[in-house]
Amino acid sequence: MARTPTSRGAAPKSPSATPSSTQADTYRGNAGELQQQAGGKHPVLTTQQGIPVADNQNSLRSSPRGPGLLEDFILREKITHFDHERIPERIVHARGSAAHGFFELTHSLKRYTTAKVLTEIGVQTPVFTRFSTVAGGAGSVDTPRDVRGFAVKFYTPEGNWDLVGNNIPVFFIQDAMKFPDLVHAVKMEPDRGFPQAASAHDTFWDFVSLMPETMHMVMWQMSDRTIPRSLRTMEGFGIHSFRLLNAAGESTFVKFHWRPKLGIQSTVWDEALKLQAADNDFHRRDLFESIEAGDFPEWELSVQLFTEEDAERFPFDHLDPTKLIPEELVPLQPIGRMVLNRWPDNFFAETEQVAYCPANVPPGIDFSNDPLLQGRLFSYLDTQLSRLGGPNFAQIPINAPKCPFHNMQRDGHMQMQVPKGRVNYEPSSLQSDTPRASQAQGFRHFAQADDGVKGRVRPESFADHYSQARMFFRSQSPLEQAHLASALVFELSKVTTVHVREAVVGHLQHVDADLAQRVANGLGMQALPPAPQTAEPVQDLALSPALRIIDRMKPTLQGRCIGILVADGSNGTSVANLRKALEKVGASVKIVSPKVGGALLKDGTLLPADGQLAGTPSVVFDAVASVLSPDMGAALAKEAAAVDWFRDAFGHLKAIAACKGTRAILAAGGIEPDTGVVDPADAQGFIAAAQTRQWDREPKVRTLA
Ligand code: HDD
């Protein structure tokens, strides 16, 4: 039956269903009326051409129930723009989060470089820093086992400097020629389109098994470095050797290191897995919330400086990006700090469109011959051409330098500038104000002599693939070694091709015989597979305890988040006292309750909750506490969400402040309280326990390889 439309073109209304006048206006979508309803000073909606729009709800039709009209330029413009809203995601590092801030130099490197960003003490250079995972797509989760990108764009007075690093100081491969193969191997397998954001599959480990140069980085990747607690608790590294050039043109090699003010911290693997279900945006949210709270993430920038002569004495080649320089060999010198204090206004405009490139360096910083770096110098600019659509991406505000810039580059897609004058070439005699090169200020490359023979070769000095892998593994604490071995067992257990598993375990024998045996046992191998030939004898390098995490974690509640579970009948004074004590030492506190509306406390007041129990598992906290009446404790002991809350916190080695009422829940979870389980009345005891993890609990809760 044909229905009679309303004269205004909205959906037909039966008399009984006539909306209120406000609803009806909203439905018609008259911009002016909406403006009045909201009581704001909204500008009139327009098209991109500035034409005011009268109706943003209904497309133009030949009759109220007739077909749409091509003439509807407003609809066409809106839909066309929408259809093109996405740009290609980054081929690697697609998922990322970024923030604005500043870098402040505290120690001048004037002896070594002319780059003002590294010579002017106290000057705050604006930065934009993007953290990322590597393997997953833009919509993947924040907490897979993966290397993290750590890219900093410094807007220096002499042009942009991009330090595009990772949270690990070495890389998988030695030559950029292998990068596409590495990335193809680690990303989703091409026939099946999975797994997403995971290295635990056949193609990655097949590649590893055939490319022993990956072995050192694989040790780092299997360590707890790749399951960071927060972006704020990650170290960062420039990885390659760069050069600093001083006014006399003298070169000093440099490696860059970022160290988080909060200290380095990681999760445990089971926790990282559960975080993927609990909160896809765990790291992004944490970065956002800390900046919103004025608790600004901060890192110290340090350098390792060394000469060509120093480098010749190293028992490895520093141009090989699979090698690090232990800080026991070349100490770290702190030179400044980076503070991230402003969340981007718009994710797409800034975080998505930012284009980093390791080739962006100001005068006074130069490249080394590291063959991975040399390939990177090409790739990043090239990738932006397809990602951002043309050669003018440097004009996008987030990419534009904040110092004056002038050149003769013209035209192209999305040219935003309107250059004036006749002269768009150089040299010219027609205009007196055109830009000219400057010997005094311009970028200079280090004048390096080269008497080698051209060819596609790997230097022999790159041939040792195992010594630093061994150094890294043996430098770890016993618990970290066990985590690493268990991670290898986990990953290789997901590999279905038996010969790939065997080949990897074969390589592990050169890293450490005990590690190989533990992994073989964990995989249920009946015998150790043969170890491959090595090109070079494996060296027992001096160990580097600085490469550990557990011993170096800072005992602090600064930057940590504690969840307190309450329910109807909880004692409000106990909650308030605990909260106050925790906040006093820098922790943030969130209240969790069976209902998000909150809990009706014993004294009849309502305590609103930050999270609902079933949707706020304990994995999102660093430690947990509970203040429950005996009745509620008994009731919650029958709720899986409550039992899991404590069982997971216990299993993830977190401190627990459990009141008497909570003991029933602990019992239901089979938890035998240890020294990390205290009474919430003992706030200081809880604080002491919550400053770290209860590492000695680990053997009681899981079997590690
Ligand atoms: Fe890369 C992105 C870090 C080797 C090619 N890389 C990218 C990002 C980071 C790194 C952090 C994301 C930047 C952002 O947040 O937008 N990449 C590294 C590190 C490497 C490395 C630390 C080794 C030391 N990369 C590497 C090689 C190549 C590339 C050898 C190619 C020859 N990387 C790219 C790229 C990306 C990129 C394809 C993808 C998106 C982009 O650049 O803007 O050009």
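The legends below describe several views of a predicted model.

**View 1. The whole chain, with its fold elements and overall dimensions.** The chain of this predicted model holds 21 helices and 18 strands. Its radius of gyration is 30 Å, close to the 27 Å that the globule rule gives for 705 residues, so the chain is as compact as a globular protein of that length.

The legends below describe close-up views of a predicted model.

**View 1. The whole chain, with its fold elements and extent.** The chain of this predicted model holds 21 helices and 18 strands. Its radius of gyration is 30 Å, close to the 27 Å that the globule rule gives for 705 residues, so the chain is as compact as a globular protein of that length. When contacts between residues at least 6 apart in sequence are considered, 72% of them join residues at least 24 apart.

**View 2. The surface of the chain and its charged side chains.** The accessible surface of the chain amounts to about 33,500 Å², and carbon and sulfur atoms account for 54% of it, while 50% of the 705 residues count as buried. The chain carries 71 positive and 79 negative side chains, with the centres of these two sets lying 5 Å apart.

**View 3. The cis peptide bond between Phe194 and Pro195.** Phe194 and Pro195 are joined by a cis peptide bond, for which omega is about 0°. Pro195 is placed in the loop that runs between helix H4 (179–186) and helix H5 (202–210).

**View 4. The cis peptide bond between Glu426 and Pro427.** A cis peptide bond is also found between Glu426 and Pro427, here with omega at about 5°. Pro427 has its place in the loop between H11 and helix H12 (467–475).

View 5. Asp411, a residue other than glycine, has a positive phi near 65°, and its position is in the loop between H11 and H12. The relative accessibility of Asp411 is 54%, and the cut-off for exposed is over 50%, so Asp411 counts as exposed. Met414 is likewise not a glycine, yet it has a positive phi of about 55°, and it too lies in the loop between H11 and H12. With a relative accessibility of 59%, Met414 counts as exposed.

Conventions:
Residues numbered from 1 in each chain as written. Predicted model: local features only at pLDDT ≥ 70, side-chain atom pairs only at ≥ 80, totals over all residues. Heavy atoms only, no water. Helix = DSSP H or I, 4+ residues; strand = E, 2+ residues; numbered from the N terminus. Rg over C-alpha atoms; globule rule 2.2 N^0.38 Å. Buried < 20%, exposed > 50% of the residue type's maximum accessible area, 1.4 Å probe, protein only. Contact = heavy atoms within 4.5 Å. Areas by Shrake-Rupley, 256 points an atom, 1.4 Å probe, with all protein chains shown as cover. Lys, Arg positive; Asp, Glu negative; His and termini not counted. Charge placed at Lys NZ, Arg CZ, Asp CG, Glu CD.
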